[in-house]
Amino acid sequence: MDSFTEARTGRENQLYDENSVRQVAGCVPIDTHTGRVLLIASSKHKGVWVIPKGGWEKDESSTDAALRETYEEAGVRGTMAGLLGTFDVAENGITKTRFWIYELHVEQVLEEWPEKKERQRQWFTYEEAIKALVFKPFMQEALSRTLLYAGHTKKARPVDGNRTLQ
């Protein structure tokens, strides 16, 4: 993946499906040594924590978009462990956004990253992260599918580019 010195912005290159559903990709960044998950402050809602995610652009795969967004927003790099799921978010009963969320095993935490001045990042235990994501149920669900959730039976799906919804 290329190194970006600044974050991509705007929606003119973002991917929409045949039903005009915006495609968004992101990661649940996990430090496998400490068992902690990295969350970032929402850019839209003060005091709300989220996973790094953003628009999937036409010139990249969903995994490339997820890795790029995680780098831009959270300043970490790592290895994809698999697709945790796709999550549709509706407004007034109409699906507007489909989120492709991956598990990322963090290998590098950067001191400088494109959105450092706009984003706070913080490491959480699994239990703390579930509570912090209270306003984002689909993010809680994605987190519950990671290796951090000891009781889960569903493993992350291998990254294969399969676009089938779960």
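Mentor: Let us begin with a single side chain: Lys-116 counts as partly exposed, because its relative accessibility is 36%. The terms rest on relative accessible area: buried is under 20%, exposed is over 50%, and partly exposed lies in between, with a 1.4 Å probe and protein chains only. Please note that this is a predicted model, in which local features need pLDDT of at least 70 and side-chain atom pairs count only at pLDDT 80 or more, while totals for chains, interfaces and linings use all residues. Residues are numbered from 1 along each chain as its sequence is written, and side-chain values use heavy atoms, with hydrogens and water left out.

Trainee: With which residue does the side chain of Lys-116 meet in a salt bridge?

Mentor: A salt bridge requires a side-chain nitrogen of Lys or Arg within 4 Å of a carboxyl oxygen of Asp or Glu. Lys-116 meets Glu-112 in this way, at 3.3 Å from N to O. Glu-112 is exposed, with a relative accessible area of 57%.

Trainee: How many salt bridges does a search of the whole structure find?

Mentor: The search finds ten. One of them joins Glu-115 to Arg-119, with the closest N and O atoms 3.1 Å apart; both of these residues are buried. Another joins Glu-141 to Arg-145, where the closest N and O atoms are 2.9 Å apart. Here Glu-141 is partly exposed at 35% relative accessibility, whereas Arg-145 is buried, with a relative accessible area of 17%. Salt bridges also link Glu-60, Arg-68, Glu-69 and Glu-72 in a network.

Trainee: How is the length of helix 1 checked?

Mentor: Helices are DSSP runs of H or I with at least four residues, strands are runs of E with at least two, and both are numbered from the N terminus. The expected span of a helix is 1.5 Å times one less than its number of residues. Helix 1 has 13 residues, 62-74, and should therefore span 18 Å; its end C-alpha atoms lie 17 Å apart, which agrees. Gly-75 follows helix 1 and has a positive phi, near 70 degrees.

Trainee: Is helix 1 largely enclosed or open?

Mentor: Eleven of its 13 residues are buried, so helix 1 is largely enclosed by the rest of the structure. Among the buried ones are Arg-68, Glu-69 and Glu-72, which also belong to the salt-bridge network. The cover, judged by contact (heavy atoms within 4.5 Å), includes strand 1 (22-31), strand 5 (76-91) and strand 6 (94-109). Tyr-71 is buried as well, and Arg-77 lies over the face of Tyr-71, at 4.1 Å from the ring centre. For such a case, NZ of Lys or CZ of Arg must be within 6 Å of the ring centre and within 35 degrees of the ring normal.

Trainee: How is a pair of aromatic rings described?

Mentor: Such a pair is described by the distance of the centres and the angle of the planes. Rings of Phe, Tyr and Trp (its six-membered ring) pair if their centres lie within 6.5 Å; planes under 30 degrees apart are stacked, over 60 edge-to-face, and the rest tilted. By this rule there are five aromatic pairs. Phe-87 and Phe-138 have ring centres 5.9 Å apart and planes at 40 degrees, so the pair is tilted. Since Phe-87 lies in strand 5 and Phe-138 in helix 3 (residues 137-144), the pair ties together parts 51 residues apart in sequence.
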